[in-house]
Amino acid sequence: MLPSHSPQPSVVGPEGQRITLESLPPPNTKRWVIRRKAEVVAAVRGGLLTLEDACQRYALTVEEFLSWQRAIEQFGLPGLRTTRLQDYRPGTLRAAAPRPVDAVPEGA
């Protein structure tokens, strides 16, 4: 009898690909591009990693991971762009400074 090989646990990634623990970003990842963030979120959502495991593996805070998850839920993958935080996250837009009201001339 041949030994049975159980397939590696996997989940569907953000681009439809299969993600396994081995295909996840390496634990020493420093540059978090959209795809890598989305893969880690998909791994946690799919049960490949626990939230605690993901945070420990990638040296993330729970708040940081949850912000990635919320960004995907609210805005899709574009919400993960760090250069666009002000467009997607409430409370981060700078309010325009009020313009001075021109003095109304007398008799106008």
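The axes of helix H1 (residues 34-45) and helix H3 (residues 62-75) come within 10 Å and cross at roughly 95°. Here an axis is a line fitted to C-alpha atoms, for helices over the stretch in contact, and angles run from 0 to 180 degrees between N-to-C directions. H1 and H3 are therefore roughly perpendicular to each other, a label used for angles of 65 to 115 degrees. On the H1 side, the contact (heavy atoms within 4.5 Å) is made by Lys37, Ala38, Val40, Val41, Val44 and Arg45, and on the H3 side by Phe65, Trp68, Gln69, Ile72 and Glu73.

Sorted by class, this contact has 7 nonpolar, 1 polar and 3 charged residues. Nonpolar covers Ala, Val, Leu, Ile, Met, Phe, Trp, Tyr, Cys and Pro, charged covers Asp, Glu, Lys and Arg, and the others, Gly among them, count as polar.

## What you're looking at

This is a predicted model, where local features need pLDDT of at least 70 and side-chain atom pairs count only at pLDDT 80 or more, while totals for chains, interfaces and linings use all residues. Residues are numbered from 1 along each chain as its sequence is written, and side-chain values use heavy atoms, with hydrogens and water left out.

The protein has 4 helices and 2 strands, running β-β-α-α-α-α from the N terminus on. Helices (H or I, at least four residues) and strands (E, at least two) are DSSP runs, numbered from the N terminus. Of the 108 residues, 28% are buried, where buried means under 20% relative accessible area, exposed over 50% and partly exposed in between, with a 1.4 Å probe and protein chains only. Among contacts between residues at least 6 apart in sequence, 45% join residues at least 24 apart.

H1 has 12 residues and reaches 16 Å from its first C-alpha to its last, close to the 16 Å expected at 1.5 Å a residue. That expected span is 1.5 Å times one less than the number of residues. Lys37, Ala38, Glu39, Val40, Val41, Ala42, Ala43 and Val44 of H1 are buried, and what covers the buried residues includes strand S1 (11-12), strand S2 (18-19), helix H2 (51-58) and H3.

Gly76 follows H3 with a positive phi, near 75°.

## The core

The largest nonpolar core has 21 residues, and Val40, Leu49, Tyr58, Phe65 and Trp68 touch the most other members. Such a core is a set of buried Ala, Val, Leu, Ile, Met, Phe, Trp, Tyr and Cys residues joined through side-chain atoms within 4.5 Å. H1, H2 and H3 each supply at least two residues of this core, and H1 gives the most, with 6 residues.

Leaving out residues up to four places away in sequence, Tyr58 touches Leu24, Pro25, Pro26, Pro27, Trp32, Val40 and Leu49.

Gly47 is exposed, with a relative accessible area of 59%. Its C-alpha is separated by 9.2 Å from that of Pro9, 38 residues apart along the chain.

Thr20 is in the loop between S2 and H1, and Thr20 is buried, with a relative accessible area of 14%. Not counting residues up to four places away in sequence, Thr20 touches Gln8, Pro9, Ser10 and Leu48.

Definitions and conventions:
Angles under 35 degrees count as roughly parallel, over 145 as roughly antiparallel, 65 to 115 as roughly perpendicular and the rest as oblique.
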